[in-house]
Amino acid sequence: MLNQIDHLFGGFSEVKEVRGNQVVAVANDRQVDYASIRESVGILPMTFTAYYKITGDEAEEALDNLLTKSVQYLNYGQNRLCYFLKESGEVAAYVTIYKNDESFIIETFGWDTQAVEGALKKGNVTYEKLDYSCILLEGLKTIEFITDEMDMTVDYFVYQGHQDVKCFGKDIMVARTGYTGEFGYKLIGPADYILHIWGNILPAHKDKVVGYDAFEMCQYEVKQPFWELPYLALSKNVFEVDYQWMVDFKKDTDYVGKDELFNTKFAEASKRLIGAFGAADVAIGTDVVLEGETIGRVVECRLSYGLQKYIVMLFVDKKYAHANIVMEAGGQQLQTVSAPYVFPASWYARR
């Protein structure tokens, strides 16, 4: 499908491979793509997702025994970001679950399909892989764009909710959810329906189509877990890399990996990930020093488009992972800060 969208668009600036999946890296220009999300609306061809339909009388109970968020208390039209875990308590797959009237839909990323199918089979869950695709829209003016240019009414949608809606004559599912902190909506449906919708969006709104890289920057600026969960390369412990927010700590039901997650992983967590502001680039792997003691290392450093300063991610001893501490790395001082590092304008909009 990406090739077909590229043809409608007229040629993306840059396409790249992410863990075996072709994605639009840059649609127009990195800065322009970024500004669209933060100031207007950014439209991403989310062609790297996969969808599974779960049916049957035992579906709810079976999924509740597999996922880190409660399934039995979900109402029709609600969705949640969560994990499938391994028995070890480590993340097996990062998914979104959508509860419909008589079924569930599991959305995952192309690189996690094998893990998802393995978990579903092990949990004796009956599933069907759907030929679905997705368009992701996020930005300060997303609601106005959907209303004015796509003739849909979504301003009453609650966060983490979804409904069946007709878009350009096609019946699809629209979900209010997102990753950047801005207003976010997904259009999900059969691949040919989604391609039909692209045909109606393009080329009139080519300036609003954005790439994967802009979304990555926006997520980095608010410290949202990126789709690839890259910090799991540092540690398989979700408590160390700040990925625990996709776990429901109040969920009573036992599920795969729960005991190890809370009884072992939590106790073993000795480091934490924290952000800091810097005036210059710092090489990944550079030691982080506090009062002459090496307490960790630099694991990522990016020049924030929104702040025009460097956001440096530090992986340090947990007792030092707090805001407003001045540390040193690579010959410069870094002051730790609380996330989000950029406050999305959507948080202040009256909606």
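Analyst: Happy to! Let's start with a term we will need: two strands pair if DSSP finds at least two bridges between them. Please keep in mind that this is a predicted model.

With that in hand, look at strand S10 and strand S11, which covers residues 170–176. S10 and S11 pair over seven bridges, in the antiparallel sense. In general, the strands of a sheet pair through backbone hydrogen bonds, and the pairing may be parallel or antiparallel.

Now step back to see the sheet around this pair. Five strands make up an open sheet, and reading across it gives the order S3-S9-S12-S11-S10. The pairing in this sheet is antiparallel. Strand S3 (42–45) and strand S10 (161–167) stand at the edges with a single partner strand each, so one side of each has no neighbour in the sheet. From one strand to the next, the twist averages 25 degrees.

Next, follow the chain beyond S11. Between S11 and strand S12 (184–190) there is a loop, and glutamate 182 has its place there. Is glutamate 182 buried or exposed? The cut-off for buried is under 20% relative accessible area. Glutamate 182 has a relative accessibility of 6%, so this residue counts as buried.

What does glutamate 182 touch? Leaving aside neighbours within four places in sequence, glutamate 182 is in contact with Ile37, Arg38, Glu138, Gly139, Leu140, Pro344, Ala345 and Ser346. One of these, serine 346, also has a polar contact with glutamate 182: their side chains are joined at 2.4 Å.

Strand S4 (residues 49–54) is joined to S8 by four bridges, and the two run antiparallel. To find your place in that pair, look for tyrosine 51, which stands opposite leucine 130 in S8.

How values were computed:
Residues numbered from 1 in each chain as written. Predicted model: local features only at pLDDT ≥ 70, side-chain atom pairs only at ≥ 80, totals over all residues. Heavy atoms only, no water. Axes fitted to C-alpha atoms, helices over the stretch in contact; angles between N-to-C directions. Buried < 20%, exposed > 50% of the residue type's maximum accessible area, 1.4 Å probe, protein only. Polar contact = N/O pair within 3.5 Å; in protein donor to acceptor, adjacent residues only side chain to side chain. Contact = heavy atoms within 4.5 Å.
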